[in-house]
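Look at the fold shown here, then follow the report from the whole chain down to single residues.

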Amino acid sequence: MQLDIQATDFALTDSLREYVERRSRFELSRYQPAAIRLQVRLGDVNGPRGGADKRCRVRVCLVGQPEVVVEDTQADLYAAVDRALGRAARAVSRRLGRARRQERHLPIEPSSHL
């Protein structure tokens, strides 16, 4: 899975990058064949004013399915990353589960040699 991490309005430290990579692998590695690209955007919405303004936006591109986009805002950036990646994993699970159920309910074409 291709992972793209970018930060806006602040510098992306090595420790934060490693944390996002580790949490991404933990949350989304089980969907590896279906999830081909993961994009994580981190930002500080209010800048130096403070408050619950650390944003993590996660975009998961799936094979043959619409992409999953989840965003979370918290006072702590690490908490925003945790929540956004957890929600993204649950959304991918639901999306792939729906696709599997639809595949099972496709009508079977009659054999031409009967």
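Buried residues make up 32% of the 114 residues in the protein chain. Buried means under 20% relative accessible area, exposed means over 50%, and partly exposed lies in between (1.4 Å probe, protein chains only). This is a predicted model: local features need pLDDT of at least 70, side-chain atom pairs count only at pLDDT 80 or more, and totals for chains, interfaces and linings use all residues. Residues are numbered from 1 along each chain as its sequence is written, and side-chain values use heavy atoms, with hydrogens and water left out.

**The overall plan**

The protein chain has two helices and four strands. Along the sequence, the pattern is β-α-β-β-β-α. Helices (H or I, at least four residues) and strands (E, at least two) are DSSP runs, numbered from the N terminus. Contact means heavy atoms within 4.5 Å. Among contacts between residues at least 6 apart in sequence, 52% join residues at least 24 apart.

**Helix H1**

Helix H1 covers residues 14–28, which is 15 residues. The expected span of a helix is 1.5 Å times one less than its number of residues. For H1 that gives 21 Å, and the end C-alpha atoms are 21 Å apart, which agrees.

Which residues of H1 are buried? They are Leu 16, Tyr 19, Val 20, Ser 24, Glu 27 and Leu 28. Seen down the axis of H1, these buried residues fall within an arc of 130°, so they line one face of the helix. The arc is that of the directions from the helix axis to the C-beta atoms. On the other side of H1, Asp 14, Arg 25 and Phe 26 are exposed.

Take Glu 27 in helix H1. Its relative accessible area is 12%, so Glu 27 is buried. Leaving aside neighbours within four places in sequence, Glu 27 is in contact with Leu 85, Gly 86 and Ala 89.

**The strands**

Two strands pair if DSSP finds at least two bridges between them. E2 and E3 pair in the antiparallel sense over nine bridges. Strand E3 (residues 54–62) and strand E4 (residues 68–74) also run antiparallel, joined by seven bridges. Arg 55 shows both pairings. Gly 43 stands opposite Arg 55 in E3, and in E4 the bridge partner of Arg 55 is Thr 73.

E3 and E4 form a hairpin with five residues between them. Gly 64 sits in the turn, with a positive phi of about 70°. The C-alpha atoms of Gly 64 and Ala 99 are separated by 9.6 Å, though the two are 35 residues apart along the chain.

Most residues other than glycine have a negative phi. Asp 9 has a positive phi of about 75° although it is not a glycine. Asp 9 lies in the loop between strand E1 (2–8) and H1.

**An aromatic pair**

The structure holds one aromatic pair. The rings of Tyr 19 and Tyr 78 have their centres 4.8 Å apart and their planes at 75°, so the pair is edge-to-face. Rings of Phe, Tyr and Trp (its six-membered ring) pair if their centres lie within 6.5 Å; planes under 30 degrees apart count as stacked, over 60 as edge-to-face and the rest as tilted. Tyr 19 lies in helix H1 and Tyr 78 in helix H2 (residues 77–104), so the pair ties together parts that are 59 residues apart in sequence.

| Residue | Relative accessibility | Class |
|---|---|---|
| Tyr 19 | 15% | buried |
| Tyr 78 | 33% | partly exposed |
| Gly 64 | 75% | exposed |
| Asp 9 | 65% | exposed |

**The nonpolar core**

A nonpolar core is a set of buried Ala, Val, Leu, Ile, Met, Phe, Trp, Tyr and Cys residues joined through side-chain atoms within 4.5 Å. The largest core has 27 residues. Leu 28, Val 40, Leu 42, Cys 56, Val 58, Val 60 and Val 92 touch the most other members. H1, strand E2 (35–44), E3, E4 and H2 each supply at least two residues of this core. The largest share, 10 residues, comes from H2.

Where does Val 40 make its contacts? Leaving aside neighbours within four places in sequence, Val 40 is in contact with Leu 3, Asp 4, Ile 5, Gln 6, Val 20, Cys 56, Arg 57 and Val 58.
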